[in-house]
Amino acid sequence: MSKPAGCKRWSVAEGHVAKRAGSIELDGANDVLWLLNASMHEAHVEIMVYFEHRVPAGPYLLTLLPERSRRVRWQDLEGPEPLPIGTDFASVIESDVPIVVQYTRVGAGGAGAMTTIAHSERCGM
């Protein structure tokens with residue numbers, strides 16, 4: 001691949017960590033991020049999470065291996081604090097190498113799915 005795929009800064013204007021009882025979502029959707037690093041370099045990713053009624057949380061730090069994809073469940077993020085359950089939020093994802101970010105929401109019990117590419121800044125490659 002002659003040029004890396006993606007951008008270094010992405011934003012997702014919607015997110016939600018569902019209330020859970022074991023593996024069952026109690027209040028609806030299960031939101032995840034999919035990250036793609038098509039480059040030959042390790043990607044160091046920072047995620048900041050923004051809320052309507054409180055200060056932001058983060059940064060949450062992830063490493064994405066070269067030429068790999070990774071599913072990131074919001075409730076699995078380790079970092080400065082767990083994300084509040086049952087709360088809506090938005091996020092900004094930054095990487096030191098270009099990556100692709102996709103946001104997916106799967107309905108409770110696996111019913112229905114909505115997927116979209118996150119918003120990226122103009123990529124100056």
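This report describes a strand hairpin and the aromatic rings around it in a predicted model.

Residues are numbered from 1 along each chain as its sequence is written. Local features need pLDDT of at least 70, side-chain atom pairs count only at pLDDT 80 or more, totals for chains, interfaces and linings use all residues, and side-chain values use heavy atoms, with hydrogens and water left out.

**Hairpin**

Strand 5 (residues 43–50) pairs with strand 6 (residues 57–64) in the antiparallel sense, over 6 bridges. Strands are DSSP runs (E, at least two residues) numbered from the N terminus, and two of them pair if DSSP finds at least two bridges between them. The two strands form a hairpin with 6 residues between them. Val49 stands opposite Ala57 in strand 6.

**Aromatic rings**

The structure holds 2 aromatic pairs. Rings of Phe, Tyr and Trp (its six-membered ring) pair if their centres lie within 6.5 Å; planes under 30 degrees apart count as stacked, over 60 as edge-to-face and the rest as tilted.

| Pair | Centre to centre | Angle between planes | Type |
|---|---|---|---|
| Phe51 and Phe89 | 6.3 Å | 65 degrees | edge-to-face |
| Trp74 and Phe89 | 4.8 Å | 75 degrees | edge-to-face |

Phe51 lies in the loop between strand 5 and strand 6 and Phe89 in strand 8 (residues 88–106), so their pair ties together parts 38 residues apart in sequence. Trp74, in the loop between strand 7 (68–73) and strand 8, is 15 residues from Phe89. Phe51, Trp74 and Phe89 form one aromatic cluster.

Key:
Helix = DSSP H or I, 4+ residues; strand = E, 2+ residues; numbered from the N terminus.
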